[in-house]
Amino acid sequence: MRGYTDKKIEVDNLHIVVNWNGAPLYTEDHDEKRVYKDDVSVDLTWYLPSYTPAGSFVCTITGTDKNGKTNLCTNASFYLL
């Protein structure tokens, strides 16, 4: 994930929600203690079980600070055959 911020943000946790064809399938949290002042770059992998069905997926990734305040959010979409 790449981006830019015009103010300093502190991320303590990245929360991933994976939806399959619009239905919740999987969630996962990653402790990420990072501070961003301009360029935002996050290289992150997450697990999809071997029984994951084919279809349309949307992953929402939300970053929160130490107080639980959301300060980063993005979506990634893909299709598995």
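**A walk through an all-strand model**

From the N terminus on, the elements of this protein run β-β-β-β-β-β. The model is predicted. There are six strands and zero helices. The C-alpha atoms fill a box of roughly 40 × 20 × 20 Å along the principal axes.

Start with the sheet. Strands of a sheet pair through backbone hydrogen bonds, either parallel or antiparallel. Here, four strands form an open sheet in the order 3-2-5-6, and the pairing is antiparallel. Strand 3 (23-36) and strand 6 stand at the edges with a single partner strand each, so one side of each has no neighbour in the sheet. On average, neighbouring strands of this sheet are turned by 15 degrees against each other, direction ignored.

Now follow strand 5, which covers residues 55-64. On one side, strand 5 pairs with strand 2 (residues 9-20) over eight bridges. There, Val17 stands opposite Thr60 of strand 5. Strand 5 also pairs with strand 6 (residues 70-80), over ten bridges. Gly55 stands opposite Leu80 in strand 6.

How many residues lie between the strands in the hairpin of strand 5 and strand 6? There are five. In this hairpin, Gly68 takes a positive phi near 85 degrees.

Finally, step back to the whole chain. Of its 81 residues, 32% count as buried. The protein exposes about 5400 Å², and carbon and sulfur atoms supply 50% of that area. Among contacts with a separation of 6 or more, 55% come from residues 24 or more positions apart. The side chains include 8 positive and 11 negative ones. The centres of these two sets lie 6 Å apart.

Note on methods: Residues numbered from 1 in each chain as written. Predicted model: local features only at pLDDT ≥ 70, side-chain atom pairs only at ≥ 80, totals over all residues. Heavy atoms only, no water. Pairing = 2+ DSSP bridges. Helix = DSSP H or I, 4+ residues; strand = E, 2+ residues; numbered from the N terminus. Axes fitted to C-alpha atoms, helices over the stretch in contact; angles between N-to-C directions. Buried < 20%, exposed > 50% of the residue type's maximum accessible area, 1.4 Å probe, protein only. Contact = heavy atoms within 4.5 Å. Areas by Shrake-Rupley, 256 points an atom, 1.4 Å probe, with all protein chains shown as cover. Lys, Arg positive; Asp, Glu negative; His and termini not counted. Charge placed at Lys NZ, Arg CZ, Asp CG, Glu CD.
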